[in-house]
Amino acid sequence: MVSLKRENIELEDDDDDEEEGVVAKVGRGRAEEDLRSRHCPYLDTINRSVLDFDFEKLCSISLSHINVYACLICGKYFQGRGLKSHAYTHSVQFTHHVFLNLHTLKFYCLPDNYEIIDSSLEDVTYVLKPTFARPHISGLDKQGKLYRAYDGTTYLPGIVGLNNIKANDYANVVLQALSNVPPLRNYFLEEENYRGIRRPPGDIMFLLVQRFGELMRKLWNPRNFKAHVSPHEMLQAVVLCSKKTFQITKQGDSVDFLSWFLNALHNALGGTKKKPSSITNVFQGSMRIFSKKLPHPDLTPEEKEELLLTEEYQEKISESTFLYLTLDLPTAPLYKDEKEQLIIPQVPLFNILGKFNGSTEKEYKTYKENFLKKFQLTKLPPYLIFCIKRFTKNNFFVEKNPTIVNFPITNVDLREYLTEESQVTEKHTTYDLVANVVHDGKPTEGAYRTHVLHHGTGKWYEMQDLQVTDILPQMITLSEAYIQIWKRREDDDTPIHTGA
């Protein structure tokens with residue numbers, strides 16, 4: 001009678017309250033329950049090689065997100081564990097007995113329906129929800145220890161491949177580059193940093209923050225079951241929050257994604273134009289813009305001269321912040337040598353940085369008006385992002401400029417691009433490269449890969465979806481660089497290794 005009573009109490013209740021295990025109500029069954037909890041006979045049936053917690057936590061039958069359990073024998077997700085639930089039915093039908101509640105992180109044996117308490121299961125809960133203590137986080141960039149995944153492969157935490165679900169490599173490279181920016185990574189590794197942020201009711205954008213934090217913790221997990229991660233949940237949030245502007249099944253543009261993602265994270269973290277966030281603390285700099293309106297080209301010289309004397313056509317100076325700097329490539333055609341072989345033009349990085357020297361003017365055309373603009377930097381951020389403008393879009397097609405940018409990996413001094421007063425106040429102006437995103441192939445198709453510096457070893461790695469290989473730094477400069485992240489060198493920094 002006791003066991004029947006317990007079964008009725010526990011199996012009919014399929015709410016989250018069930019995990020408290022209603023043994024206290026059973027009386028004499030307490031000893032029996034405790035014994036089974038600590039000595040479950042089915043733990044050796046768990047198959048860790050099939051466990052994958054990177055995908056959306058929904059039941060494989062009902063497609064519900066509510067009260068989902070993972071079967072630890074086949075890896076599938078099922079809803080509930082009551083008498084008529086999908087998990088219960090699965091356990092009876094396939095004799096799979098060990099399940100994990102993906103929300104409460106508690107283990108259960110079905111169909112007997114008792115909670116399993118065993119320290120040998122801690123590796124499973126850690127893979128589902130990795131946690132990082134502050135001493136661990138502060139030591140991430142001071143060592144280059146290789147870890148062995150459950151599948152036997154060795155990997156460096158942080159230098160981990162991301163699965164390309166269909167056509168999401170444009171997002172993967174940005175996520176991998178950002179995950180190797182230490183202050184940003186450290187902020188998101190520790191959930192306490194943003195758990196208390198309050199958002200308006202119905203605001204879905206905070207989902208981006210949560211998913212990015214989860215992805216960071218999985219990429220830097222030293223106890224992974226496999227040496228790669230799927231960004232499926234992160235990208236589901238991107239599709240939802242961008243209202244399908246960015247998709248998993250359709251190739252996108254990395255710069256467009258980076259721009260949207262940084263701004264969306266900043267806003268979701270409660271940042272505004274005046275209120276900083278972890279995003280602006282890391283990447284935001286400021287510049288001075290000199291703008292002069294130009295008379296319409298169809299006017300006579302006399303009319304133009306007359307207009308240039310008016311207030312509307314005088315040079316105006318404004319201040320603006322930025323999260324990245326766009327560098328323009330010279331419009332260089334493909335030349336052919338005497339053997340009719342194509343020669344790809346090259347340009348030094350400092351040539352295209354000349355846009356920010358305060359004297360180089362460039363014409364900007366809007367639908368109605370034309371302006372002549374100059375730029376000069378007033379504040380440099382701890383991490384500076386360059387986006388090299390390779391694509392020109394018009395109504396008919398997208399054209400790609402394949403010009404190779406020649407850049408040093410370390411020791412890029414930007415002092416000359418600062419205003420005179422900023423040169424006095426800005427103490428540190430030297431930068432070293434830490435990430436380099438490359439676009440290969442045709443403009444609307446092609447593929448992306450990223451180069452990242454592992455701070456602990458000083459070595460460079462190339463990552464293209466699941467493929468991770470080490471690379472010599474001199475090879476990085478031969479690529480069609482599209483996005484670059486540079487780290488400002490501080491007083492206590494030693495120059496970054498080139499890995500050569």
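Four strands make up an open sheet with antiparallel pairing, in the order S11-S10-S17-S16; strands are DSSP runs of E with at least two residues, numbered, like helices, from the N terminus, and two of them pair if DSSP finds at least two bridges between them. The edges are held by strand S11 (316-322) and strand S16 (362-365), each pairing on one side only. Neighbouring strands in this sheet are turned by 40° against each other on average, direction ignored; the axes behind such angles are lines fitted to C-alpha atoms, for helices over the stretch in contact, and angles run from 0 to 180 degrees between N-to-C directions.

This is a predicted model, in which local features need pLDDT of at least 70, side-chain atom pairs count only at pLDDT 80 or more, and totals for chains, interfaces and linings use all residues. Residues are numbered from 1 along each chain as its sequence is written, and side-chain values use heavy atoms, with hydrogens and water left out.

Lys 362 has Lys 373 in S17 as its bridge partner.

Another open sheet has 5 strands in the order S2-S1-S3-S4-S5, again with antiparallel pairing. Strand S2 (77-79) and strand S5 (114-116) each have a single partner strand, so one side of each lacks a neighbour in the sheet. The twist from one strand to the next averages 40°.

Strand S4 (residues 107-109) pairs with S5 over 3 antiparallel bridges, and Phe 107 has Ile 116 of S5 as its bridge partner. Helix H3 (residues 86-94), a DSSP run of H or I with at least four residues, packs on this sheet and touches strand S1 (68-71), S2 and strand S3 (98-101), where contact means heavy atoms within 4.5 Å. The direction of H3 makes about 125° with that of S2.
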